[in-house]
Amino acid sequence: DNSQNQYTTIEERHIVTPNIVNLLKISYSRPTKSSSELDKATAPDGSHPLQYFPQASNLEDGFVNLVSAGLTSLGPATGTGHFTFAQNRYAIGDDVLWTKGAHSIRIGFAGDRLLNNSWNPISEDVVWTFTSFQNFLAGNAITASGVIPALGNTAHRDYFQYHFAPYVQDDWRVSSKLNVNMGMRYEGASNVSERHDLLYTVIDYYHDTNFTQVPHVFQNNPALKNFDPRIGLAYDPFANHKTAIRAGFGLFHDPISVQSYQTGFGGAYPWRQSTVANAVYPNAPSGFPALAQTVPWYYPTSTTPYMIQYNLNIQHEILPNTVMSLGYVGSKGTHLITGIESNPPTPTIDANGVYHFGTPTGVGTGVTPNPRLNPGMQYMPTPRTISDSRYNSLQASVNRRLSRSVQAQGSYTYSKCM
């Protein structure tokens, strides 16, 4: 792999009045990562055994997936051995710091113009999947996937988007015992487009049999309601600086990035992947059977993943130079991205109530899947924002200062994560 990163930043700090400071920042960055094509595997007779499309030249070698057979696979990893990713980010931000009485107020915004250039020819040659050693020796692959060489094929995609994030925060010294900080941030973004109008996807997984051209990555922009409130406090109940109670709460959206949808759109028309079930090795796909994708994109995605974090802890000086802390830390993730099959085989239920999604072929461990929900498509494992997570923990620590430069600390955490 090769990488090259370019960064430029200009910053201007201006004291407007003794109580107001303005900080302006403008930057440009271009991180780039690429991987070169591996040399083709060559047999003693000079042939190339991992080249399955004789009508095309300069293709990457195909891939023989033998993981399920307990063997080492052959070829570049899953047909993705070469790629280029480059991100052009133009950013501007401005922050105003204003001190007024017991308040320290910070107001500002950050804005980005993003252009993600990508070239990722997934399954440029054929990817074969075998489920057993016996099937491999017999040439019976459960699937064979590849992009059939054709005029107009291209794996280039240039994704374009704006990010904008205004915010306000106030650190308020309410009294000698109590400090409160509270704020609000908006994590907004435009709906992603493609500079050459090369966005094709499946819109209706129940009825569609082909890709449809769409103007944006999302059917409806999921980033329009990304408001992130937060609040925290620190309280000295006895005003003796020996006991402190702290608490905090915050909501943090994580806008969906190009890594989530690039594979889905990069593997769709005009870089259409064809998949044949129960294929005979080494006969490459020669037509366009039922539509299938390795990792398709779910176009109706309309929510942004977010995390809620909260904590409460008490700190007390139990002896001179010895501080003990006891606290609770928790979080809850909502609308997290997870994969789910959008076109599963239709199950049959036997007399014992057991669901069956396929029928054994009688050859090794092969299985013929039942007809799918939409027979016009094959497997479609789409990423969707449907998962949640929870984390709860009890955290305790003791810190003892032994001298000006030496201290000892012990800590314990009991947690549960789901």
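The accessible surface of this protein chain, taken from a predicted model, comes to about 23,000 Å² by the Shrake-Rupley method with a 1.4 Å probe, and 58% of that surface belongs to carbon and sulfur atoms. Buried residues, meaning those under 20% relative accessible area with a 1.4 Å probe and protein chains only, make up 37% of the 418 residues.

Before I go on, residues are numbered from 1 along each chain as its sequence is written. In this predicted model, local features need pLDDT of at least 70 and side-chain atom pairs count only at pLDDT 80 or more, while totals for chains, interfaces and linings use all residues, and side-chain values use heavy atoms, with hydrogens and water left out.

As for the fold, the chain has two helices and 24 strands, which are DSSP runs of H or I over at least four residues and of E over at least two, respectively. The radius of gyration, taken over C-alpha atoms, is 28 Å, well over the 22 Å that the globule rule (2.2 Å times the number of residues to the power 0.38) gives for 418 residues, so the chain is more spread out than a compact globule.

Turning to helix α2, residues 258–266, the buried residues are V258, Y261, Q262, G264, F265 and G266, and they pack against β4, β5, β8 and β12, where contact means heavy atoms within 4.5 Å.

Finally, on confidence, pLDDT (the predictor's confidence in each residue, from 0 to 100) averages 90 over the chain, with 96% of the residues scoring at least 70; among the elements, strand β22 has the lowest mean, 77, and strand β14 the highest, 98.

Terms used: Buried means under 20% relative accessible area, exposed over 50%, partly exposed in between (1.4 Å probe, protein chains only).
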